[in-house]
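Keep the picture open as you read.

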Amino acid sequence: MSNIVGIDLGTTMSAIAVLNSVGKPEIIPNKDGDRITPSVIFFESDEKILVGEEAKNTAATDSNSVAKEFKREMHNEDYRFKVNHNSYTASELSSFILKKLVQDASLQVGNIKDVVISVPAYFKEGQRNATMQAGELAGLNVISIINEPTAAALYYASTVDINGKGLVYDLGGGTFDVTVTQADGKDIQIIASEGDHHLGGVDFDIAMLELMEDKYSKETGGKLYSDENDKQEFLLLAEDLKKSLSTRTSVKQKLSGEDGKITVEISQTEFEEKISTYISRTELLVEQVLDEADCEPEDIDYILLVGGSSRIPAIQKSIKRLMGKEPIIAVNVDEAVALGAAIKAGLVMVKNNPASVSSTIAKEMNTLNVGDVANHSYGTISMSYDENLQKHISKNSIIIKKNTPLPAKVVDTFYTVSDGQSIVDISITQGEGTDPDFVDIIHEEDMELPENRPKGQPIEFTYIYDDNGMMNCVFKDVNSGISKEVSVHLGISSAKKNAIDAFLVN
Amino acid sequence: MEVIFWIGIIWFILTLYGNYKEKQEQEAMIKRIAKERQDNIFKSKVINDKIVVEDSIWDTFKIDIKGIVEGSHDNFDMRFIVRMFDITDGEYPILCTLEDFQAVDSRVFFYESNIEKLPYKETIFSDWFSVINIPKIFLEFPKKGNRKIQIKVFAIDANTRNILAEDNIEVTYLAEEKGYIDRQNDTKYFEEMVIKTAMLVSASDGTMDDDEARVVKDWIKKRLSYFDESRQTEEKNRLNGYIKDIFFDIESGDVDIYEILEGIENIASEGEKFELFQLCLDVAQADGEADEAELKIVYDIADYIKLDRSQFRSMIEKTLPVTIHTSEANADKLLDIDSSMTNKEIKKYLREQYKKWNARVSSKDVKIREQAEKMINLIAEARKKYI
C-alpha cells in the first residue's frame with residue numbers, strides 16, 4: 001500500500017501529513033522534529049541549498065540569497081528569483097520546499113509518490129497550474145489539489161462533531177481565506193469561499209517592524225537599520241515580538257540600531273492599532289463571503305480558526321465583534337490544512353484506485369464527503385450596446401457564477417452581431433465583473449460559421465464544470481448544427497491533462 | 001348650261017360649307033382635347049398621413065398623383081421618382097435613414113417606384129393615385145425648426161429615363177430634432193471644446209510636454225482621417241487654429257474651463273462627452289504620472305459635463321489608476337464616497353468596492369494587481385474611518 005499524503009504548501013510555513021493505518025491523518029515532523037517547516041530557501045551556492053528552519057535562520061547573513069514568500073508570486077509569470085548564476089520561478093522554488101518535506105517524511109513513513117497539495121481558494125487557473133508544476137518538479141504525482149479552507153473544514157469534520165453552518169477563517173502566513181460551509185456530521189458542503197491575496201502573518205511582521213523603527217527613531221533620532229541583512233534580522237525579531245503579544249499585553253525588547261542600544265516597550269494595543277487596516281481588510285472579506293453565502297453573522301453556527309495568524313488576539317476580537325460569537329480552536333491551526341489535504345488524498349485514492357488503499361482506510365473515507373464550489377466565475381467575451389457610450393463594446397458575460405456548487409452545467413445563448421458573420425470568437429474567461437480588461441482569458445479560438453446569413457444567429461454556449469476540476473465547453477451554432485468542444489482542465493496536472501487530451505474527440 | 005352652272009355653284013358652296021364645318025369640328029376637338037389635357041394635367045399632392053407598423057403609429061408624408069402621363073405607345077413602362085429638398089434658406093437635400101429611400105451611395109432622400117404599366121399611350125390617372133408614404137421619422141432635415149419642403153414628383157420612361165411628366169409641391173414642416181447642418185456646426189464646436197479642454201488639462205501641471213502633445217495630435221489626426229483628402233488641409237488648419245488660440249489664452253492666463261465647456265449639454269451626445277473626457281484622461285496620464293492639479297481638472301470636467309457616474313469611475317480606474325497619482329491619495333474622492341451617504345450606505349458601498357477590487361488582485365496584469373492592492377488598502381482605511 002502506498003502512502004496517502006497531503007501537503008500544505010504555505011507562504012511562510014509548510015506541513016506534510018499522512019493517513020495512518022486506520023485512516024486518520026497525522027503530521028509527519030521534519031528531520032529536525034518540527035511539525036511545520038518554514039517555506040524559506042537559502043542558496044548558499046549553486047550546489048548547496050538549505051530549506052526550512054536552517055534557511056530562515058541564515059536569512060540575515062545574506063538576504064540576497066534567501067527566497068521566501070514566493071507563493072505570493074505564483075500568479076506572476078514574470079517573477080524570477082535570481083541568485084548566484086541561476087534564476088528560479090515561483091514553481092521551481094516551491095518544488096524545493098516540497099522536496100524537503102517529502103524527503104524528510106520519507107525517512108519516517110517510506111516512499112511517497114502520490115500527494116494532494118492545498119492552495120488558497122482564490123487561486124486562479126494559472127496559480128493552481130503553477131502549484132501542480134511545483135509538485136511535478138519535485139518528482140511527485142499530484143493526484144489533486146484542494147482549497148485550503150476546504151481541507152481545514154474536512155479535517156475539522158473528521159475530528160470534531162460539527163453540524164450546521166460554519167465559517168472557516170484561515171489567516172495564514174501570507175494569505176487569508178474565508179469559507180462558509182454547511183456540515184452534517186462528516187458531510188461537508190462548501191457554500192461560498194473568498195480570499196485576500198496579500199494578507200497574512202508576513203504583513204503583520206512588517207507592521208511590527210515599522211513599529212520598532214518608529215520607536216527607535218523617536219527615542220534616538222536615528223535609524224534602526226540601513227542594511228537589508230539587518231532588516232531580515234529585525235524581521236525575525238518582529239515575528240517573535242508579534243507571537244509574544246499573542247499571549248502578553250506588552251513586551252520589552254532591546255533594539256541595537258545604528259545609534260546605539262535602547263529598550264523599547266510595545267503594547268498589544270499599539271500593535272493592534274498598527275495592524276488595524278489589515279484587520280479592517282479581514283472584516284471586509286468576512287462580510288463579503290457572508291454576503292455571497294446569503295447569510296448574516298447570526299446564521300453562522302460555529303467559526304473554525306485555521307492558520308497561525310488567527311492566534312493574534314486582535315484578530316480573535318475582530319471575529320467576535322463581527323460574528324457575535326467566539327471561534328472554535330479545537331485543533332492545531334497550523335496543521336489543519338495539511339491534515340485535511342491528507343484526508344482529501346484518501347478520498348481521491350479510494351475513488352480512483354481503491355486497490356491501493358487498505359479496507360480500514362477505505363471504510364473511514366467512505367464516511368466522509370465534501371462538496372466544493374466554483375472558486376471563480378467563468379464566462380465569455382461578448383458584444384453589447386452601451387447606452388452611455390452609444391456604441392457596441394465588448395463585455396465579460398458570466399456563464400458559471402462564482403460559488404456555484406459543483407458539478408454544474410449552464411447553457412447561455414449569444415447571437416451573431418453582423419450580417420454575413422462567418423467567424424465567432426469563442427473565449428473562456430475566469431474572473432468577476434463585466435469589464436473584459438479585468439478578467440483572465442483562459443482559452444480563446446475562432447469558430448467558423450456558415451456564410452451569408454443575417455445577423456442574430458443563435459450560438460449556444462454550454463459550460464459543464466465537473467467535480468474533478470474538468471470544464472467542458474461546447475459552442476454550438478444552433479441553425480447549422482456546427483459545434484466546437486473545448487476542455488479546460490482546472491487544477492489538473494499536466495501529465496493528467498495530456499492523458500485526458502489523448503482520449504478527447506474534437 | 002345654266003343648270004350646270006348652278007349645280008357647280010351649289011357644289012362649291014356646299015364644299016366650302018363642308019370644309020368650314022370640318023374645320024370648326026377640328027377646332028372644337030382641339031379645344032376639347034386641350035381642355036381635357038388642361039383638366040387632367042399631371043399634378044401631385046401631399047397629405048399628412050399615418051401608418052401603423054406593428055405597435056407603432058408613424059406620421060407620414062403621403063404623396064399622391066393624378067392626371068395624364070403620355071408615353072410613346074400603348075402598354076408602356078414607366079416609373080415614378082420622388083425627391084425632396086429643404087428650400088427654407090437656400091436649397092439643401094433632405095436625408096433619409098432608410099436605405100430603401102436613399103440615392104445610390106448617398107443618404108440623400110430619393111425614391112423610385114417599381115415599373116408601372118400604362119395601358120394606353122396617353123393614360124389618365126383620373127383618381128388620386130398613391131405613389132409613396134414616407135415615414136417622417138426617417139427624414140433628416142438640414143436644420144431644426146419650421147422648414148419649407150419642396151417635393152418633386154416625376155413620371156419617367158422606364159427605358160429611356162426621359163421625363164414624361166413632373167410636378168412640384170411645397171409644404172411646411174416643424175423639424176423638432178437638430179438637422180445635419182446643425183450637427184456639422186455642433187461637431188466643429190465640439191472639436192474646438194475637446195482640443196481646448198485637453199490643452200487645459202495638459203497645462204494644468206504647469207507644463208505642456210511632448211507626451212501630452214502627442215496625445216492631442218493623435219486625436220486630431222484621427223478626426224482628420226474622417227474627411228476626404230480634399231478637405232483635410234482646410235480641416236487641419238481649423239483644428240490647429242484652436243490649438244493656437246488656446247495656447248496664447250493659456251499663456252496670458254485668460255482662460256476659463258467653464259466658459260470653454262459652456263453649452264456642451266446642448267451640443268454633445270453622451271458618447272461625445274465620454275470621448276472628450278477620455279482624451280482629457282489620456283493627456284493627464286501621458287507622462288505616466290497624474291498630479292493633484294491634473295486630477296482636480298479631470299474631476300471638475302466630469303462634474304461639469306455630468307458624466308454617468310459608473311462609466312466615469314470605470315474610465316478613471318483604467319486611465320488614471322491610483323498607482324500613477326503623485327499626490328497623497330484622497331480616499332473619499334478615489335472611492336467616490338459622497339458626504340451625504342449614511343454610514344450604512346458607506347458600509348454597503350465599501351463592500352461592493354472591496355468585492356470588485358479583491359477580484360482583481362490576482363490579475364495577470366501587474367498594473368491591475370498593483371492598483372487593486374492600493375485600492376483595497378484605501379477601502380480598508382475608509383472602513384476604519386466610517387464603520
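Here are some questions and answers about this model.

This is a predicted model, in which local features need pLDDT of at least 70 and side-chain atom pairs count only at pLDDT 80 or more, while totals for chains, interfaces and linings use all residues. Residues are numbered from 1 along each chain as its sequence is written, and chains are lettered from A and ligands numbered from 1 in the order in which they are written.

Q: Why is chain B called more spread out than a compact globule?
A: The globule rule (2.2 Å times the number of residues to the power 0.38) is set against the radius of gyration, taken over C-alpha atoms. For the 387 residues of chain B the rule gives 21 Å, but the radius of gyration is 36 Å, well over that, so chain B is more spread out than a compact globule. Along the principal axes, its C-alpha atoms fill a box of roughly 145 × 50 × 35 Å.

Q: What makes residues of chain B count as touching chain A?
A: Two residues are in contact if their C-beta atoms, placed from the backbone, lie within 7 Å. By that test, 29 residues of chain B are in contact with 28 residues of chain A. Helix 12 of chain B gives the most to this side of chain B, with nine residues; helices here are DSSP runs of H or I with at least four residues, and strands are runs of E with at least two, numbered from the N terminus.

Q: How do you know that strand 25 and strand 26 of chain A pair?
A: Pairing requires that DSSP finds at least two bridges between two strands. Seven bridges join these antiparallel strands of chain A, so they pair by that definition.
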